[in-house]
Amino acid sequence: MQTEAMCMRAADRVLTIGEAMKDELIARGVPSEKIGIIPNAVDASAFVPRPRDPNLARNYGLGNFPTFGYVSNMDHHRESQETLLRATKLLKERGTNFKCVLVGDGPRRAILEKLAIELDIVDSVVFTGSVDHNEIPAYYSLIDYFVVPRTAERAAVYVTPLKPFEAMAMGKPVITSDLPALVEIVKPPLRGFVFETDNDVALADVLQSAHDQPSETEKVAAEGLKWVRTDRTWASNGQRYVTEFGRLVEGADK
C-alpha cells in the first residue's frame, strides 16, 4: 500500500474502476480531482438477451423451474456461494421450487458440494464445473435471477466485478449483497436489488419478492440492460480513455 501511495502521488492522473475504489483512494490521500474512472465493461455483441438454452436445461434437469445463481471461480471465500446454498435451503423449506445454478470451478467446490449435502439440497443445486468462456452466455441463460453474494472482504468491498455487467447485458435481473462496490452497480431499486451481506434469509426474501412481482422485476432488468448498453461497453470505455489522455496532454502543454 505504501508503494501504491508513492506511485499515485507521483502520477499526473490516477485511473480506477469505480466510485467505491475512488472513495478508498481519496481516503488514502489521493486528491479527488486527480482520479478518473474507467469502469468494468462488456462486449455488448457477445452478451445479449436470449431464451434459456433447452439442451443445457435438459442436461441439468432444470426444466421450467425458476432459477437463481452465480458465475464465478470457486477459489476464494469472498464469493460466498455458501450464502446462495443456505438461501436455497430456506426456499426449499418454504415450499418453493427454485433451483440454484453455480457456474465455475476451483478448490472450494468440494467444500460447497459438501455443504449442499449437509443442507439436504443436492436435488436443488446444479454445479456445472468449469465452462469455456465462449459458452458462458449459454450458461447465463439458465439463470433467471443473477446473484452476487460476495461477503465483506477488502476486495469485495471496493472492487466492482465484471459478472454483474455481463448478466445485465443479457437482460437478467441482478441481486447483490449490499457492499459499496456492488450497490453502485445496481443502484437499488433502479437497476437491481440488494440484500444484507451474508444474510441468507434476506436473500431468500428478495428472491421470492422478485419472483412474485414479475412486471416490476422486468422493469428493473430492462433498466440494467439499457444502462450497460449505453454506459458500460468497451466501446464507451474507449472514449473515456481518449478523454483521460486528452487531460494529460492539455496539462503537459501548460
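Predicted model: local features only at pLDDT ≥ 70, side-chain atom pairs only at ≥ 80, totals over all residues.
Residues are numbered from 1 along each chain as its sequence is written, and side-chain values use heavy atoms, with hydrogens and water left out.

**Overall architecture**

Twelve helices and eight strands are found in the chain; these are DSSP runs numbered from the N terminus, with helices being H or I of at least four residues and strands being E of at least two. The radius of gyration, taken over C-alpha atoms, is compared with a globule rule of 2.2 Å times the number of residues to the power 0.38. The chain has 20 Å, which agrees with the value near 18 Å that a compact globule of 254 residues would have. Along the principal axes, the C-alpha atoms fill a box of roughly 65 × 35 × 35 Å.

Contact means heavy atoms within 4.5 Å. Of the contacts in the chain with a separation of 6 or more, 71% are between residues 24 or more positions apart. The chain exposes about 12300 Å², of which carbon and sulfur atoms supply 52%; the areas come from the Shrake-Rupley method with a 1.4 Å probe, and for residues only the protein chains shown count as cover.

The chain carries 30 positive and 36 negative side chains, and the centres of the two sets lie 2 Å apart. Lys and Arg count as positive and Asp and Glu as negative, without His and the chain ends; each charge is placed at NZ of Lys, CZ of Arg, CG of Asp or CD of Glu.

**Strands β3 and β4**

Strand β3 (residues 67-71) has five of its five residues buried, so the strand is largely enclosed by the rest of the structure. From β3, T67, G69 and V71 point one way and F68 and Y70 the other way, and all are buried. Strands β3 and β4 (residues 99-103) run parallel and are joined by five bridges; two strands pair if DSSP finds at least two bridges between them. The bridge partner of T67 in β4 is K99, and Y70 stands opposite L102.

Strand β4 is likewise largely enclosed by the rest of the structure, because five of its five residues are buried. One side of β4 holds K99, V101 and V103 and the other C100 and L102, all of them buried.

V125 belongs to strand β5 (residues 125-129), A204 to helix α10 (residues 200-212), and R78 to the loop between β3 and α4 (81-93). The contacts below do not count residues up to four places away in sequence.

| Residue | Relative accessibility | Contacts |
|---|---|---|
| V125 | 10% | L85, T88, C100 and L102 |
| A204 | 0% | A87, L90, L91 and R94 |
| R78 | 19% | R150, T151, E153, A155 and A156 |

V125 touches C100 and L102, among others, and both of these residues are part of β4. The C-alpha atoms of V125 and T88 are separated by 8.0 Å, although the two residues are 37 residues apart along the chain. A204 and T16, 188 residues apart in sequence, are 33 Å apart in space, C-alpha to C-alpha.

Notes: Buried < 20%, exposed > 50% of the residue type's maximum accessible area, 1.4 Å probe, protein only.
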